[in-house]
Amino acid sequence: MNSTANGSSGYWSCFNFTAWKIGGTVTFCLIFIVSLVANSLIVAIVYKTPNLKKPINYFFANMASSDLLYPIFVIPWNLSHLHINYSIGGQLGQALCKLVPFFGHVSFVVSIQNLILIAVDRFGAVVFPLRSPLIRSKLCPFFILATWIVAAAVNSPYLFTFELVESPEGNMCVIKLEEVFGVSSSYASFVLASYILFIYIPVLLLVILYSIIVIKLKTQAHPGEQSANSQQQRDRRNRNVLQMSIAIVTVFVLCWLPFSINLLITEYQDTFTHLSCSFWIYYAVTGYMANAYCAINPVICFMFSSNYRKALKRLIKCSFVQA
């Protein structure tokens, strides 16, 4: 996600451009490699491992699929702008000007919807363990398709409002929300509404759901002797998955919440001259953190899930055997 603030002279005057270019290149390349490899492995593992074909793993795989849009579209775009500082011209440039912000925001919206679905799945498993699952495997394709339809519909304005403006000084990808949707429309208002719907409200909902789950796990009654072992095993599985889910939500909040607030601050400014270098440095760091979310996400899955690690070992072993 880019902001018009990036083009301000006040922004670049706060950095050693050569050092910033080198650091940014290394960071984006690392994000690109880790995100592309790790998310692809998550999708492949869930697809090829029978005992992982459960609703929660389908949602993790769907989130990994959406995260792949970042190394495919967004990271190369950001990396090219770091070195060239203007957009590619022609029909390709026009297409990328629309598709990159569109797919970047689609990835983000699909991810937050999957986080909510995972939380709802865990809520049902822990709070209502004896009832049928709130989200059944047969309904997973519907929910997964719905996440992409909602994300594409909500972010469709980016396909119409972003336009490549070519000039002798250089090509720029600019947004023309007012010209497309009317004078009363505001890009800042559109961004604010999007963040309220897909960051602030979902984060509040996630905090409520996981708080209830944690309280339930801590206060549930101890089983009798006969069912002690099975209950302990179920509790251990629930806690392991819960730890991974909470870790992913925590990383989402740390990566996206600060950047969303900073982006809103810049969108509601008429000029940027009064903003200090401390703000711009913090803005840049949070921007890299938001981009890094797509790479951190799958790494957490492998760190917290022994099932994913075991499936990865089997996948690698099978690949070597077939080779």
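Figure 1. Ser-156 sits in the loop between α6 (140-154) and α7 (157-161). Helices (H or I, at least four residues) and strands (E, at least two) are DSSP runs, numbered from the N terminus. Ser-156 and Phe-102 are 54 residues apart along the chain, and their C-alpha atoms are separated by 7.0 Å. Residues are numbered from 1 along each chain as its sequence is written, and side-chain values use heavy atoms, with hydrogens and water left out. Because the model is predicted, local features need pLDDT of at least 70 and side-chain atom pairs count only at pLDDT 80 or more, while totals for chains, interfaces and linings use all residues.

**Figure 2. The protein chain as a whole.** The protein chain has twelve helices and two strands. From the N terminus on, the order of elements is α-α-α-α-α-α-α-β-β-α-α-α-α-α. Of the 323 residues in the protein chain, 44% are buried. A contact means heavy atoms within 4.5 Å. Among contacts between residues at least 6 apart in sequence, 80% join residues at least 24 apart. The mean pLDDT (the predictor's confidence in each residue, from 0 to 100) is 86 for the protein chain, and 85% of its residues reach 70 or more. Residues 2-8 have a pLDDT below 50, and this stretch has 18 contacts in the model beyond near neighbours in sequence.

**Figure 3. The largest nonpolar core.** A nonpolar core is a set of buried Ala, Val, Leu, Ile, Met, Phe, Trp, Tyr and Cys residues joined through side-chain atoms within 4.5 Å. The largest one has 85 residues, and those with the most contacts inside it are Phe-60, Leu-115, Ile-248, Trp-256, Tyr-293 and Tyr-308. Helix α5 (residues 90-127) gives the most to this core, with 15 residues. Leaving aside residues up to four places away in sequence, Ile-248 touches Phe-60, Met-63, Leu-115, Tyr-293, Asn-297, Ile-300 and Cys-301.

**Figure 4. Helix α3 and its buried residues.** Helix α3 (residues 55-67) has 13 residues, which at 1.5 Å a residue should span 18 Å; its end C-alpha atoms are 18 Å apart, in agreement. The expected span is 1.5 Å times one less than the number of residues. Eleven of the 13 residues of α3 are buried. Among them are Pro-55, Asn-57, Phe-60, Met-63 and Asp-67.

**Figure 5. Two salt bridges.** A salt bridge is a side-chain nitrogen of Lys or Arg within 4 Å of a carboxyl oxygen of Asp or Glu. By this rule there are two salt bridges. One joins the side chains of Asp-121 and Arg-122 (2.9 Å, N to O), and both residues are buried. The side chains of Glu-163 and Lys-176 also form a salt bridge (3.6 Å, N to O). Glu-163 lies in strand β1 (residues 162-165) and Lys-176 in the loop between β2 (172-175) and α8 (177-181), so this pair ties together parts that are 13 residues apart in sequence. Glu-163 is partly exposed at 34% relative accessible area, and Lys-176 is partly exposed at 21%.

**Figure 6. Gly-170 in the loop between the strands.** Gly-170 is located in the loop between β1 and β2. With a relative accessibility of 17%, Gly-170 is buried. Gly-170 and Gly-89 are 81 residues apart in sequence, and their C-alpha atoms are 8.9 Å apart in space.

**Figure 7. Thr-286 and the residues it touches.** Thr-286 is part of helix α11 (residues 277-304). Its relative accessibility is 1%, so Thr-286 counts as buried. Not counting residues up to four places away in sequence, Thr-286 touches Cys-255, Pro-258, Phe-259 and Asn-262. The C-alpha atoms of Thr-286 and Phe-259 are separated by 5.0 Å, and the two residues are 27 apart along the chain.

**Figure 8. Spans annotated as transmembrane region.** In the unreviewed UniProt entry, the annotation "transmembrane region" covers residues 20-47, 59-79, 99-120, 140-160, 187-213, 241-259 and 279-304. UniProt positions are given in the numbering used here, feature names are shortened, and annotations may be inferred rather than shown by experiment. In the model, residues 20-47 are 100% helix and 0% strand, with end C-alpha atoms 40 Å apart. Residues 187-213 are 100% helix and 0% strand, with end C-alpha atoms 38 Å apart.

Note on methods
Buried means under 20% relative accessible area, exposed over 50%, partly exposed in between (1.4 Å probe, protein chains only).
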